[in-house]
Amino acid sequence: MDEIAVRHYLPPILRMIRIFDQIILVAGILGPVMSFPQIILIYGGRDASGVSPITFFSWALFNILWIFYGLVHREMPIIITNILWLICNTLIFTGAILYG
């Protein structure tokens, strides 16, 4: 192997871990996106009947804890995912307060 190939060679397990990290990051982004229909229903219809503000406030608090955990451990998938969830849960919580 030439010098460049040796520098870029990763053992198979490390390649699998990198691929899995990318899959988790995509899943972490898609998860919060799946709450968009709920957010659209609440704000579009100005109706949050049946939506518990306490539940989404609690989820938002847990998201903050996970963000700090991700920062301490420098885990970008955890940080990004939980920032997105925090935004979604805060929007749903606020909508539940306004229109519930």
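## A walk along helix α5

Start by selecting A96: leaving out residues up to four places away in sequence, A96 touches A48, V51 and P53 (contact means heavy atoms within 4.5 Å). A word on what you are viewing: this is a predicted model, where local features need pLDDT of at least 70 and side-chain atom pairs count only at pLDDT 80 or more, while totals for chains, interfaces and linings use all residues. Residues are numbered from 1 along each chain as its sequence is written, and side-chain values use heavy atoms, with hydrogens and water left out.

Helices here are DSSP runs (H or I, at least four residues), numbered from the N terminus.

Next, show α2 (residues 12–33) beside α5 (residues 76–99): their axes, lines fitted to C-alpha atoms over the stretch in contact, come within 8 Å and cross at roughly 5 degrees. The two helices are therefore roughly parallel (angles under 35 degrees). To see the contact, pick I24, L25, G28, I29, G31 and P32 on α2, then P77, I80, T81, L84, W85 and C88 on α5.

Last stop: T81, in helix α5. T81 is buried, with a relative accessible area of 14% (buried means under 20%, with a 1.4 Å probe and protein chains only). Beyond its neighbours within four places in sequence, T81 is in contact with G28 and P32.

Notes: Axes fitted to C-alpha atoms, helices over the stretch in contact; angles between N-to-C directions. Parallel < 35°, antiparallel > 145°, perpendicular 65-115°, else oblique. Buried < 20%, exposed > 50% of the residue type's maximum accessible area, 1.4 Å probe, protein only.
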